[in-house]
Amino acid sequence: MLEVIDKEREFDYTDRDFARIRQLIYDHAGISLSEKKRDMVYSRIARRLRATGTTRFADYLALLERDDGREWEQFVNALTTNLTSFFREPHHFPVLAEIARKRPKGLRVWCAAASTGEEPYSLAITLADAYGSATPPVRILATDLDTQVLTRARAGIYPLDRVEKLPAAMLKRHFHRGTGRNEGLARVRPELQSLIEFDQINLLDPRWPVEGPLDAIFCRNVMIYFDKPTQRRILERFVPLLAPHGLLFAGHSENFHNAHDLFRLRGKTIYEPIRH
């Protein structure tokens with residue numbers, strides 16, 4: 001059977017190439033790409049062909065399989081989606097503030113999909129305000145698979161249009177407004193940044209550099225990229241990391257019916273572990 005090559009594209013891109021990319025990203029990162037993602041995959045990986053000077057997807061994939069790690073990182077970065085904003089899915093943050101008020105000695109939180117930093121900084125703002133201190137007894141581990149977005153997250157610098165919907169008093173407490181060359185930018189205050197440790201973690205790795213007990217795990221809008229068996233394996237590993245009172249915060253389009261023996265629904269996309 002002959003494969004059809006779309007000659008209107010800049011690079012040769014066959015069904016076999018797409019199938020191989022789907023398998024590689026699944027094996028490496030657990031991301032399950034549907035058939036509908038064919039064009040998205042082409043546009044994102046085509047950038048890597050240009051960067052590496054290859055002219056066919058087959059040649060790029062051969063290069064990738066010989067790679068010692070650097071191009072693998074770029075490949076994964078290209079295929080991960082990083083849609084985020086400050087206080088996205090806002091119903092979660094009052095619940096986190098309530099946990100803080102019940103635990104005056106402090107909290108430990110893992111944000112497992114930090115992206116460009118808006119989510120972990122939203123967590124830090126929530127907890128600083130809940131404790132009424134710029135330096136609350138809080139440690140937040142913020143991780144992501146994509147190393148490029150983590151670099152941006154560590155910097156904590158955002159265009160003003162990313163923060164302009166935040167209340168004026170919150171902006172004043174937690175951000176510096178740029179002037180001169182930095183006009184139009186806002187930077188997270190150092191006190192807030194000091195609450196967060198950023199690190200790269202692949203949720204498929206056999207070991208995570210994460211220690212429990214955790215008061216909360218925010219893993220929102222991540223599981224939708226995994227198939228059900230992969231979701232369950234990750235959820236199984238979350239359970240022992242959570243404190244008895246700990247909660248798992250999921251995304252609005254995620255449900256864990258396949259793991260009813262691991263977590264029970266506590267609120268809107270909020271789950272508590274089941275202890276056996």
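Axes are lines fitted to C-alpha atoms, for helices over the stretch in contact, with angles running from 0 to 180 degrees between N-to-C directions. Helices (H or I, at least four residues) and strands (E, at least two) are DSSP runs, numbered from the N terminus. The model is predicted: local features need pLDDT of at least 70, side-chain atom pairs count only at pLDDT 80 or more, and totals for chains, interfaces and linings use all residues. Residues are numbered from 1 along each chain as its sequence is written, and side-chain values use heavy atoms, leaving out hydrogens and water.

The axes of helix H2 (residues 38-52) and helix H4 (residues 70-79) cross at roughly 150 degrees and come within 9 Å. H2 is therefore roughly antiparallel to H4 (a term for angles over 145 degrees). On the H2 side, the contact (heavy atoms within 4.5 Å) is made by Val41, Arg44, Ile45, Arg48 and Thr52, and on the H4 side by Glu71, Gln74, Phe75, Ala78 and Leu79.

The whole structure holds 15 aromatic pairs, counted where ring centres of Phe, Tyr or Trp (its six-membered ring) lie within 6.5 Å; planes under 30 degrees apart are stacked, over 60 edge-to-face and the rest tilted. Two of these pairs are tabulated.

| Pair | Class | Centre to centre | Angle between planes |
|---|---|---|---|
| Phe93 and Phe218 | stacked | 6.3 Å | 25 degrees |
| Trp208 and Phe238 | tilted | 5.7 Å | 45 degrees |

Phe93 in helix H5 (residues 92-102) and Phe218 in strand S7 (residues 214-218) are 125 residues apart. Both Phe93 and Phe218 are buried (under 20% relative accessible area, 1.4 Å probe, protein chains only). Trp208 and Phe238 are both buried as well.

Terms used. Angles under 35 degrees count as roughly parallel, over 145 as roughly antiparallel, 65 to 115 as roughly perpendicular and the rest as oblique. Buried means under 20% relative accessible area, exposed over 50%, partly exposed in between (1.4 Å probe, protein chains only).
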